[in-house]
Amino acid sequence: MTIKQLEYFLEIANMGSITKAAKILNISQPPLSFQLKLLEDELGVELFFRNNKKLEITPEGLLLRERAKVILALVNETVHDIQDASEQKNVVLRIGSIGSVNNSLLPKIIAKYAKEYPYVKFNVFEGRTETLIDELNAQNIDLCFVRQPFNSFMLRSINVNLPGLKENEPDYFVTIALPHFYDNFFDGGALASVSLDELKGKPLVIHQRYYDMLTNACHKRGFTPNIICENGEIQSSLSWAKEGIGIAIAPFTSALLNQDPTLIIKRLELFSLSPQVCLVWNASVPLSNETKAFISMI
């Protein structure tokens with residue numbers, strides 16, 4: 001019994017005639033009759049009652065007709081699934097990421113993910129939160145790692161724990177500077193934190209997106225911060241701090257990118273806003289199975 005014989009049999013059963021079935025199948029009548037005879041001989045039963053006007057299906061033929069429909073449906077489904085699996089080998093996951101994630105957490109996630117989905121390739125776009133959100137909304141990327149705050153309209157997100165933080169601990173702001181910028185540092189006052197008031201009058205280097213937050217927080221404490229530089233990259237802030245130009249302010253997980261042991265990192269108190277990292281995707285765009293699997297690994 002072959003798939004082709006079952007297809008021939010079903011067409012004969014539908015048409016009630018070998019002649020009509022042959023026309024539908026675009027083959028001549030003798031080969032079709034021969035295949036039907038082979039099938040009946042193999043099964044050891046007659047599948048049709050023959051008369052001059054029309055073929056009538058036998059009880060055995062009725063049973064085969066129902067089973068043949070199921071068999072052919074399963075064959076078609078199998079073919080479809082195999083073709084889908086073949087297409088999956090060309091899947092590309094487009095991921096946007098801020099620098100602190102791209103240089104710490106993302107490689108670990110992809111290393112784990114690639115073991116389960118070896119056919120997936122990656123396009124990684126590094127940039128600022130605002131830029132990545134724009135790219136996400138334009139559907140140029142599938143998902144992205146960004147920092148709060150961001151415009152969450154039509155977006156879904158989950159919080160991400162970066163290396164260096166305790167489980168479920170939100171990220172926080174720190175100061176990064178050479179020792180002489182800290183009050184009482186050389187007198188044994190090497191505390192692990194610094195208050196917002198201690199930044200009064202000192203040269204500050206910050207990321208542009210934190211300007212309003214820091215300025216407003218300082219105004220509430222009764223002073224205007226001495227911001228000598230706004231930049232677009234956290235790494236630039238770290239470089240300026242290394243050269244002794246001023247005190248850099250950045251999220252703790254971004255400050256971990258610093259490799260200079262002469263720089264001192266202290267938690268910034270009285271500044272309650274959290275620069276939490278989130279994985280974000282567009283709620284209005286259907287997610288592929290591969291994208292869903294990536295999200296589940298976070």
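Mentor: Begin with contact range. This is a predicted model. In the chain, 70% of the contacts with a separation of 6 or more join residues 24 or more positions apart.

Trainee: How many helices and strands does the secondary structure come to?

Mentor: The chain has 11 helices and 13 strands. The chain comes out at 34 Å, well over the 19 Å that the rule gives for 298 residues, so it is more spread out than a compact globule.

Trainee: What box do the C-alpha atoms fill along the principal axes?

Mentor: Roughly 110 × 30 × 25 Å.

Trainee: And burial? What share of the residues counts as buried?

Mentor: Buried means under 20% relative accessible area. Of the 298 residues, 41% count as buried. For the surface, look at area and atom type together. The chain exposes about 16500 Å², and carbon and sulfur atoms supply 52% of that area.

Trainee: Now a single residue. Where is Phe49 found?

Mentor: Phe49 is in strand β1, which covers residues 48-49. Phe49 has 43% relative accessibility, so it counts as partly exposed.

Trainee: Which residues does Phe49 touch, leaving out those up to four places away in sequence?

Mentor: Lys54, Leu55, Glu56, Ile57, Thr58 and Pro59. Now try a distance across the chain. Phe49 and Trp281 are 232 residues apart in sequence, and their C-alpha atoms are separated by 62 Å.

Notes
Residues numbered from 1 in each chain as written. Predicted model: local features only at pLDDT ≥ 70, side-chain atom pairs only at ≥ 80, totals over all residues. Heavy atoms only, no water. Helix = DSSP H or I, 4+ residues; strand = E, 2+ residues; numbered from the N terminus. Rg over C-alpha atoms; globule rule 2.2 N^0.38 Å. Buried < 20%, exposed > 50% of the residue type's maximum accessible area, 1.4 Å probe, protein only. Contact = heavy atoms within 4.5 Å. Areas by Shrake-Rupley, 256 points an atom, 1.4 Å probe, with all protein chains shown as cover.
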